[in-house]
Amino acid sequence: MFEKDNFSLEAKPDGIYVSCKEPGFKENDLYAFLKEYGIIRYDFKAIRQFVKDGKTVKICPRSPALEKDAKILVTVSKDKMTAMVAIDPPFFSKPWPTEEEIKKSLAANGVKVGINDDSIRSLLARQLANEPIAVAEGVPPVEGKDAYIELLKDPDKPFEVRDDEKIDFWSRSTIVTVHPGQEIAIKHPLENGKNGVDVTGAVAKAKPVKNVEFSFGEGLARDEENSLLLIATAEGQLKKTQGRLAVLPELDIHQDIDFGIGSIDFTGAVKIHGAVREGFHVVAQGNIEIFGPVEGADIDSQGVVVIQGGIRGMGKGTIRSSGDISLNFADQATIRAGGTILAKNAVLHSHLYAQRAVMALGMGKKSQIAGGRIEAGLEVSCNILGSEMGTKTEVVVGLPPEMLEKRKVFTGEVKRCEENLERLEPNLALLKKLEASGQLDDKKRAMMMDLTKMKFQLQAARDSMQAELNALLEQLELVKDKGIVRVKDVCYGGVVITIRGLSYIVHEPCKFTAFIADDEARAIKLVPYDYMGGRLGG
């Protein structure tokens with residue numbers, strides 16, 4: 001007799017009988033019990049009666065065909081990393097296989113490695129019928145990692161805006177600029193994998209890994225101390241072309257400066273083959289050349305500015321240059337140049353300031369200065385000045401008022417620093433004398449240190465201000481006895497001309513005329529257009 005849980009089986013000469021300890025069991029529990037002991041054919045009517053009354057009943061006759069031995073079923077996974085064993089159970093009177101028999105079956109199926117004795121013993125102890133159990137595990141390969149390049153500065157990465165972030169869309173830029181020594185990319189080296197072994201004892205090879213190297217051009221190099229790091233060696237725009245990085249010293253843009261590109265702040269020269277739209281700015285340490293118009297935008301260059309399309313200022317934005325500015329036309333614009341402003345056509349209702357000269361000497365009647373205020377250190381020359389309508393036009397040449405004001409401020413600051421130094425020196429000298437005689441206590445020592453620090457600060461401020469003043473005085477010396485306004489065609493009434501502080505109001509049109517300052521008469525004098533007076537600005 002075999003017993004398990006609530007049920008028991010007994011083999012008699014005429015058949016197999018089933019009985020239970022407690023009636024009221026579930027029918028499915030009985031079927032599971034019978035299956036576990038290899039009884040899969042039985043009298044369903046007798047089974048139902050047994051479920052109903054719980055009385056011992058014969059469920060099938062004795063048959064040599066039913067009384068089979070157990071079968072060991074071995075399956076190996078497709079990747080050969082796992083071997084499973086299932087036991088087709090024996091007839092309940094037959095024995096279950098032994099641990100050794102299971103191992104022989106595994107060996108017969110080629111399983112040699114990773115056999116788990118505990119899993120086999122658990123399978124036999126629990127007598128799990130027809131339930132595949134993993135009894136052997138291979139060692140899978142440890143996969144390696146391919147080398148890859150991580151871009152620390154990505155020229156193609158779109159501009160990102162966080163949900164809680166406020167963005168000035170006019171000030172942002174899609175251009176990526178870099179500086180020498182800046183880290184651009186880092187190489188993450190490959191990591192080789194490790195081979196494993198499957199349950200048959202065969203080597204399970206790890207996948208091969210791939211290497212990759214930096215691809216870069218001018219303006220970039222490997223870091224000398226860390227060859228896995230790519231750094232910039234020059235100022236410029238970081239650009240990627242066909243997967244190759246480079247730093248370009250000149251920025252060349254073939255579209256308008258608008259929301260698609262954003263504002264520009266660049267370390268080198270800039271070329272724009274389009275317009276610069278209202279509200280945007282272009283700042284460059286090198287030259288700026290713009291082939292389209294500038295519309296109410298800010299342009300700022302440490303070099304030369306060339307605007308072939310002209311300027312429609314709309315009373316907004318400023319064009320600035322440390323050198324010369326060349327333009328087609330200007331309308332309601334503000335322009336400031338450290339050198340000369342050259343206009344091919346009309347300059348209308350604009351404020352122009354040039355340390356050297358303003359020239360509007362293009363061809364035809366469009367070469368005209370009318371409205372606004374024009375200031376220059378040495379000379380203003382044009383074909384037509386003012387307009388027939390008597391538009392108020394101011395021209396100032398010679399010592400610019402703001403330069404005189406700066407001279408006054410710088411001179412006052414230098415004097416203030418020197419006076420403070422004079423007051424400080426006796427006190428500091430006294431404290432040093434006490435220190436030399438050993439009479440300096442902690443309080444006086446702290447005072448001496450504060451006064452010494454103050455002395456250095458005052459000297460540095462004075463020297464910096466003196467340098468600014470000297471540069472300004474050089475500029476003033478250059479223009480102090482110069483200044484001329486030349487009108488090649490006609491100067492209309494309504495024009496106010498000021499040269500070195502002397503003013504003249506033009507009431508009647510005059511042609512082929514130049515205006516100079518007569519220092520003796522303390523008045524503006526009219527002379528021919530081609531007057532030289534021995535030197536420019538005479």
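Tutor: Start with one definition. Helices are DSSP runs of H or I with at least four residues, strands are DSSP runs of E with at least two, and both are numbered from the N terminus. Keep one thing in mind: this is a predicted model.

Student: How many helices and strands are in the chain?

Tutor: The chain has six helices and 40 strands. Pro-132 sits in the loop between helix H4, residues 117-126, and strand S7, residues 133-137.

Student: Is Pro-132 buried, partly exposed or exposed?

Tutor: Use the cut-offs. Buried means under 20% relative accessible area, and exposed means over 50%. Pro-132 has 48%, so it counts as partly exposed.

Student: What does Pro-132 touch?

Tutor: Skip the residues up to four places away in sequence. Pro-132 then touches Met-84, Val-85 and Ala-86. Lys-153 is 21 residues from Pro-132 along the chain, and their C-alpha atoms are separated by 55 Å.

Student: Let me try another proline. Where is Pro-97 found?

Tutor: Pro-97 is in the loop between strand S6 (82-88) and helix H3 (99-108). Its relative accessibility is 9%, so Pro-97 is buried.

Student: What does Pro-97 touch, and how far is Pro-97 from Gln-127 in space?

Tutor: Leave out residues up to four places away in sequence. Pro-97 touches Ala-70, Ile-72, Ile-87 and Leu-124. Gln-127 lies 30 residues from Pro-97 in sequence, and 9.8 Å away in space, C-alpha to C-alpha.

Student: Now the valines. Where does Val-304 lie?

Tutor: Look in the loop between strand S23 (298-301) and strand S24 (305-307). With a relative accessible area of 33%, Val-304 is partly exposed.

Student: Which residues are in contact with Val-304?

Tutor: Set aside its neighbours within four places in sequence. The contacts are Asn-287, Ile-288, Ser-321 and Asp-324.

Student: How do I read a nonpolar core?

Tutor: Think of buried nonpolar residues joined through their side chains. The largest core here has 55 residues.

Student: Which members of the largest core touch the most other members?

Tutor: There are four: Ile-264, Ile-335, Leu-385 and Phe-515. Take Leu-385. Beyond four places in sequence, the residues touching Leu-385 include Ile-369, Thr-393, Val-395, Val-485 and Tyr-492. Apart from this core lies another, of 18 residues, among them Phe-7, Tyr-37, Ala-46 and Phe-50.

Student: What about phi?

Tutor: Here is the general idea. Most residues other than glycine have a negative phi. Now two cases with a positive value. Phi of Gln-332 is near 50°. Phi of Arg-500 is also near 50°.

Student: Where are Gln-332 and Arg-500 placed?

Tutor: Both are in loops. Gln-332 is between strand S28 (330-331) and strand S29 (334-337). Arg-500 is between strand S37 (495-499) and strand S38 (502-505).

Student: Is each one buried, partly exposed or exposed?

Tutor: Gln-332 has a relative accessible area of 41%, so it is partly exposed. Arg-500 has 14%, so it is buried.

Student: Last topic: the whole chain. What radius of gyration does the chain have?

Tutor: Compare with a reference. A compact globule of 538 residues would come near 24 Å, but the chain has 49 Å. Then take the spans. Along its principal axes, the C-alpha trace covers about 155 × 80 × 50 Å.

Student: What share of the 538 residues is buried?

Tutor: Buried residues make up 40%. The accessible surface is about 29600 Å², and carbon and sulfur atoms hold 51% of that.

Student: And how far apart are the mean positions of the positive and negative charges?

Tutor: The chain has 72 positive and 78 negative charges, and their mean positions are 2 Å apart. One more for contacts. Of those with a separation of 6 or more, 43% join residues 24 or more positions apart.

How values were computed. Residues are numbered from 1 along each chain as its sequence is written. This is a predicted model: local features need pLDDT of at least 70, side-chain atom pairs count only at pLDDT 80 or more; totals for chains, interfaces and linings use all residues. Side-chain values use heavy atoms; hydrogens and water are left out. A nonpolar core is a set of buried Ala, Val, Leu, Ile, Met, Phe, Trp, Tyr and Cys residues joined through side-chain atoms within 4.5 Å. Buried means under 20% relative accessible area, exposed over 50%, partly exposed in between (1.4 Å probe, protein chains only). Contact means heavy atoms within 4.5 Å. The radius of gyration is taken over C-alpha atoms; the globule rule is 2.2 Å times the number of residues to the power 0.38. Accessible areas come from the Shrake-Rupley method with a 1.4 Å probe; for residues, only the protein chains shown count as cover. Lys and Arg count as positive and Asp and Glu as negative; His and the chain ends are not counted. The place of a charge is taken as NZ of Lys, CZ of Arg, CG of Asp or CD of Glu.
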